Amino acid sequence: MDVNQVTKTGAYDTSAYTQKTQTKPAEDTADKKKENTGAVYEKSGNSAIIARLKADAEQRTNQLRTMVESMMRQQGQQIGSADSMWRFLAGGNFTVTAEAKAQAQAAIADDGYYGVEQTSNRIVEFAKALTGGDASKAEEMRAAFEKGFKLATKSWGQKLPDISQKTYDAVMKKFDDWAGKTAQAETDTQA
């Protein structure tokens, strides 16, 4: 999942980083009569970490997009939007060069940038940076991650690949660890 998904959902304003809960009514239009609830963050000492994470994610996303666009052009396809790119990939109706296949396999390998461990670490590191490491905010960050995962699944157009589910599980465990749930569960079972 691209960290920009967090800002695209409207749930977080990453130009500010200390949490303030906010509830505001949606614009008054005929088809929008529901209430949006989210969190707004004010600047804290973590802005450099957040900027680094966002820049890294943007660079890697652009690399992936370039590779996919090249593959699509070679097959006479055009990309209209990010959603159509993900749906094209999800459809599986394409061929890849040996070079592109090797790059993709390296990227999703256990030690790759898009591998389960590195991706789950980046997601939780970003959540911690947004909250200043405040473990009491772990559940709110978990909810934001779950929302983003659902949006990614929707963009993909079907169930996400197995690596995505493994990453989801790893992120959930790291949120549990951050919130102290794992240590508490171990204490409860030993008692």
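Predicted model: local features only at pLDDT ≥ 70, side-chain atom pairs only at ≥ 80, totals over all residues.
**Exercise 1. The overall picture**

Work out how many helices and strands the protein chain has, and in which order its elements run.

*Solution.* Start by counting: the protein chain holds 8 helices and 2 strands. Next, walk along from the N terminus, where the order reads α-β-β-α-α-α-α-α-α-α. Then turn to burial: 30% of the 191 residues count as buried. For the surface, the chain exposes about 11800 Å², and carbon and sulfur atoms supply 50% of that area. Finish with the contacts: among those between residues at least 6 apart in sequence, 63% join residues at least 24 apart.

**Exercise 2. Helices H5 and H7**

Find the angle at which the axes of H5 and H7 cross, and classify the crossing.

*Solution.* Two packed helices are described by the angle between their axes and the distance between the axes. Take H5 as residues 116-131 and H7 as residues 162-179; their axes come within 9 Å and cross at roughly 40 degrees. That angle makes H5 oblique to H7, because roughly parallel would require an angle under 35 degrees. The crossing of H5 and H7 is right-handed.

Now look at the side that H5 turns to its partner: among the H5 residues in contact with H7 are Val116, Ile123, Val124 and Ala127. On H7, the residues that meet H5 include Ile163, Ala170, Val171 and Phe175. Sorted by class, the residues of the H5 contact with H7 come to 9 nonpolar, 5 polar and 4 charged.

**Exercise 3. Helices H6 and H7**

Decide how H6 is oriented relative to H7, and list the classes of the residues in their contact.

*Solution.* H6 spans residues 138-156, and it packs on H7 at an angle of about 170 degrees, with the axes 10 Å apart. An angle over 145 degrees counts as roughly antiparallel, so H6 is roughly antiparallel to H7. By class, this contact of H6 with H7 has 10 nonpolar, 2 polar and 4 charged residues.

**Exercise 4. Arginine 65**

Is arginine 65 buried, partly exposed or exposed, and where is it found?

*Solution.* First locate arginine 65: this residue is in helix H2, residues 47-74. With a relative accessible area of 26%, arginine 65 is partly exposed. Lastly, compare sequence and space: arginine 65 and methionine 85 are 20 residues apart in sequence, and their C-alpha atoms are 8.2 Å apart.

Technical notes:
Residues numbered from 1 in each chain as written. Heavy atoms only, no water. Axes fitted to C-alpha atoms, helices over the stretch in contact; angles between N-to-C directions. Helix = DSSP H or I, 4+ residues; strand = E, 2+ residues; numbered from the N terminus. Parallel < 35°, antiparallel > 145°, perpendicular 65-115°, else oblique. Left-handed = near helix turned anticlockwise from the far one by under 90°. Contact = heavy atoms within 4.5 Å. Nonpolar A, V, L, I, M, F, W, Y, C, P; charged D, E, K, R; others polar. Buried < 20%, exposed > 50% of the residue type's maximum accessible area, 1.4 Å probe, protein only. Areas by Shrake-Rupley, 256 points an atom, 1.4 Å probe, with all protein chains shown as cover.
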